[in-house]
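I set out to record what can be read from the coordinates of one protein chain. The entries follow in the order in which I looked things up.

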Amino acid sequence: MTSIAGHAHGQAALSESVENLMFVLRELPKQNRQTDALVPIGEIELTLPDGTKVMDLPAYFRYIGDMHIRFVFDAPNMVRGAKMKDLERLGLSPEKALAVAMANLKRVYGNPISVPWNDLQLVKSKESDYDSSYFVDREFWMAIGKNHPDGVVVAVPKRGGLLYTPLSDAKAVAGLRRGIGYLHSSSEKARVSSALYLFKEGKWSVLQPPR
């Protein structure tokens, strides 16, 4: 797969249809939002290959903690970032776009599964670059939360590293609290978030702020 971090250039045209709309989670340093409501980031400055600087309006939205959501158009061999005008063209509000993109992720890359990872559970899909996106899969967390009324502690230090443990597992939670900084910083360009999150009663909150 072409890296989701940027745009694909010089390749065959990618269908920018609603069926191809997906999203990724990326880091937004120096942010610690307490809500998962989507807020547009607005215009950003891009540097083209020839060094020219241009202003762009991508479909980027502030999310909870130190994360933001980037909408993309996905195909087997390339991924291209979506722009705000693409969401308008498709007639999608940010919230509707997120629901559509989540459904597309599941259709193409499958429902998330949990596998043991030390004292924790690791969330996996068919494409590791999208594993972190399942942080947004509320149905998944609701199902897990049914057995854990105190809540579920979730970490997403990197793209292929979505981890969780019940809040009631004091040992695992303590390990996550100690280890999240290293898991995040050591992931380099694949970093997503240095915070810990709590999913309880259908809602997200920041359990441990970003570093």
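**Entry 1: two loop residues.** I began with E201, which I located in the loop between strand 12 and strand 13 (203–208). The model is a predicted one. I looked up the backbone of E201 and noted a positive phi of about 55 degrees, although E201 is not a glycine.

I then turned to E188, in the loop between helix 4 (170–185) and strand 12 (196–200). E188 is likewise a residue other than glycine with a positive phi, here near 50 degrees. I found 61% relative accessibility for E188, and therefore listed E188 as exposed.

**Entry 2: a glycine in a strand.** I looked up G81 and placed it in strand 7 (residues 78–81). G81 has 16% relative accessibility and so counts as buried, since the class requires under 20%. I also checked G81 against S133: the two lie 52 residues apart along the chain, and their C-alpha atoms are separated by 15 Å.

**Entry 3: helix 2.** I traced helix 2 over residues 94–109, which is 16 residues. From first C-alpha to last, helix 2 reaches 22 Å, close to the 22 Å expected at 1.5 Å a residue. Which residues of helix 2 are buried? I listed A97, L98, V100, A101, M102, N104, L105, K106 and Y109. In an α-helix there are 3.6 residues a turn, so residues three or four places apart point the same way. Among the elements that cover the buried residues of helix 2, I noted strand 1 (21–27) and strand 6 (67–75), together with helix 1 (84–89) and helix 3 (138–145). Just after helix 2, I found G110 with a positive phi of about 90 degrees.

**Entry 4: the whole chain.** I counted four helices and 13 strands in the protein chain. The radius of gyration is 17 Å, close to the 17 Å that the globule rule gives for 211 residues, so I recorded the chain as being as compact as a globular protein of that length. Along the principal axes, the C-alpha atoms fill a box of roughly 50 × 35 × 30 Å. Buried residues make up 48% of the 211 residues. Of the contacts with a separation of 6 or more, I found that 65% join residues 24 or more positions apart.

**Entry 5: surface and charge.** The chain exposes about 10,400 Å², with 53% supplied by carbon and sulfur atoms. Lastly, I compared the mean positions of the 27 positive and 23 negative charges, which are 3 Å apart.

Terms used:
Residues are numbered from 1 along each chain as its sequence is written. This is a predicted model: local features need pLDDT of at least 70, side-chain atom pairs count only at pLDDT 80 or more; totals for chains, interfaces and linings use all residues. Side-chain values use heavy atoms; hydrogens and water are left out. The radius of gyration is taken over C-alpha atoms; the globule rule is 2.2 Å times the number of residues to the power 0.38. Buried means under 20% relative accessible area, exposed over 50%, partly exposed in between (1.4 Å probe, protein chains only). Contact means heavy atoms within 4.5 Å. Accessible areas come from the Shrake-Rupley method with a 1.4 Å probe; for residues, only the protein chains shown count as cover. Lys and Arg count as positive and Asp and Glu as negative; His and the chain ends are not counted. The place of a charge is taken as NZ of Lys, CZ of Arg, CG of Asp or CD of Glu. The expected span of a helix is 1.5 Å times one less than its number of residues.
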